[in-house]
Amino acid sequence: MTQLVNTATCNEHILDLLLTNEQLIYSKVYVDEPFANSDHNTVRFSIVDHRVPNLMFNKSLLTKYCWKKANFDGICERMMSIDWNGMMTVNFTADTLWAYFSHVLQCAVNDFVPITVCRNPSNKHGLTKYPAQIRTALKRKQCLWKLRRKNPNDVIISNRYRTLQAECRKLIRDYEIKREENIIEANNTGKFYSFVNGKMACSSGVGALKTADGSAVLSDSAKAELLNEYFVSVGTRDDGILPPVQPLVTDDVFLDSVDCSEGRIRREINHMKSNASAGPDGIPPILLKKIAPSLVTPLSLLFSSFLSVGQVPATWKSAIVTPIHKNGLASDPANYRPISLTSVFCKLMERVINRQMIQYLQRHKLLSGQQHGFLAKRFTVTNLLDCLSDWTLALDNRHSVTVAYSDYSKAFDMVWHKVTS
C-alpha cells in the first residue's frame, strides 16, 4: 500500500491517510479546509476507475412530484367525474381494468401535482443540508482559510479566521440541536428512527460485497445481482404437498367471499400511514388519504372483480426490493434480508382481505390463545407478561420450570409463495 497524503492535516501532523495499492486510479490528491467544526483538514481526491464506467454521479436532473403543493381537490373532482361502471363494461381482465384506472389516476396526478427538479448534489463541501445562513458563513470561512494559507504569518487574517470558525461551530451546533428538538416534538416514530439510523448506518446504501471466492463487488448492478442470487438461493420451493390438518369447524362453516364494500375500503385507507413510501408505481399513501372519497367506488369495483376471477394485475407482482443489513460482516450477502415495497393499492386490498380473515378466525375460535404475533393488542410484551405470570405461579407452588427457546433462521426469507395462474 502507498500513502498518498504528504501535507499536514491536523496542525503540523499528517493524521489523515489515503492508502492504495493502485496509484494509477487516483488523481488530484490535495488537502482542503476543515469541514464544519472539525479540527482535521479535508483530504480530497479523484478516482478514475475504468471498471465502472456508468457511474450515477453524472445524472444532470432528477424530477419528483411535490405532494405538499398538490391540488388534491382537483384530483378528487377529476376522479369523481369518471364513469367507473362504464369501465367495467369494456374491460374484462385484471390487467386491462387496472391499466385503465391507473392511466386515469396518473393523468390527474400529472395535471394537479407540480413537479420539482432536483439537481444531483454537486456541492463538493456537503453544505446542501444546512440553511442559507450557515452555508454563507461556511463559504466565508473557506475564503478566509485560502487567504490564511497564502499568508500564514498574517495575524489579522488568522484572528478573523478563528473568529469565523467559532461562529460556524456555534451556528452548526444550534442548528443540530434545533433539528433534534423538532424530531422529538414531531412524535413521529418513523422519523425518529430514520434520523437515528442515518447517524449509525451508511447513507449511500449497500457497501462493497464479497463473492464466495473472496473477490470484491463494487458496482451497484453487480451488488444487486449478487444479493438477488443469494435471496433466491435461500428460498424453499413449494412441493405442492399440503400437510394433513384436522378441521376444527363443521362443514357448513367456511369463508367463501370477501366484502370489498366502499365502507370497508374507506376504513382501511383511514388506517394507512400517511408518511409511508410509495411503491413501484410512484403513488404514495398520502394521495389515497387525501382523495379517498373519489377512490372508494372504483377500488370497490376493481377489488371485487379481481377476487371474482382470482387474479391480480401483473404490475402488482413487481416490488422494490431493498436489502437491509441484519448483523455480522456488511460485506457478506448472507447478512442481509430483503424488504419488498409493493404498490400501495395492493397493500390496501391485502388489508381488506386480512381484516375479514382475522375476524373469521376469531369468531370461530380458530386461533390459539397462545398466539401473540400479528394480532391486535397482542405482541411480544403480552407474550412476556403471560410467561412471567406462569413462571411466577409455578415457582410459588414449588414446581420446576423448563423453558425451550427455538429460533427459526430466515423463517420469512425462505417462505415460498406458490404461484397460481
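A salt bridge, as I use the term in this notebook, is a side-chain nitrogen of Lys or Arg within 4 Å of a carboxyl oxygen of Asp or Glu. I keep in mind throughout that I am looking at a predicted model.

**Entry 1: salt bridges overall**

I searched the whole structure with that criterion, and the search returned 9 salt bridges. I then looked up some of them one by one.

**Entry 2: Asp-111 and Arg-78**

I first turned to the side chains of Asp-111 and Arg-78, which meet in a salt bridge with an N to O distance of 3.0 Å. Asp-111 belongs to helix α3 whereas Arg-78 belongs to helix α1, residues 72-80, so this pair ties together parts that lie 33 residues apart in sequence. I also checked the accessibility of Arg-78, and I noted it as partly exposed, with a relative accessible area of 28%.

**Entry 3: Asp-259 and Arg-264**

Next I looked up Asp-259, whose side chain meets that of Arg-264 in a salt bridge at 3.1 Å, N to O. I wrote down a relative accessible area of 36% for Asp-259, which is partly exposed, and one of 27% for Arg-264, which is partly exposed as well.

**Entry 4: Glu-268 and its partners**

Which residue forms a salt bridge with Glu-268? I found Arg-355 there, with the closest N and O atoms 2.3 Å apart. The two residues link distant parts of the chain, since Glu-268 sits in helix α8 (residues 262-270) and Arg-355 in helix α11 (residues 344-363), 87 residues apart. Is Glu-268 buried or exposed? Its relative accessible area is 3%, and so I recorded Glu-268 as buried, while Arg-355, at 23% relative accessibility, counts as partly exposed.

**Entry 5: Asn-91**

Why does Asn-91 count as buried? Its relative accessible area is 13%, and because buried means under 20%, the residue falls in that class. A polar atom of the Asn-91 side chain lies 3.0 Å from the backbone oxygen of Met-87. Setting aside residues up to four places away in sequence, I listed Thr-96, Leu-97 and Tyr-100 as the residues that Asn-91 touches.

Key:
Residues numbered from 1 in each chain as written. Predicted model: local features only at pLDDT ≥ 70, side-chain atom pairs only at ≥ 80, totals over all residues. Heavy atoms only, no water. Buried < 20%, exposed > 50% of the residue type's maximum accessible area, 1.4 Å probe, protein only. Polar contact = N/O pair within 3.5 Å; in protein donor to acceptor, adjacent residues only side chain to side chain. Contact = heavy atoms within 4.5 Å. Helix = DSSP H or I, 4+ residues; strand = E, 2+ residues; numbered from the N terminus.
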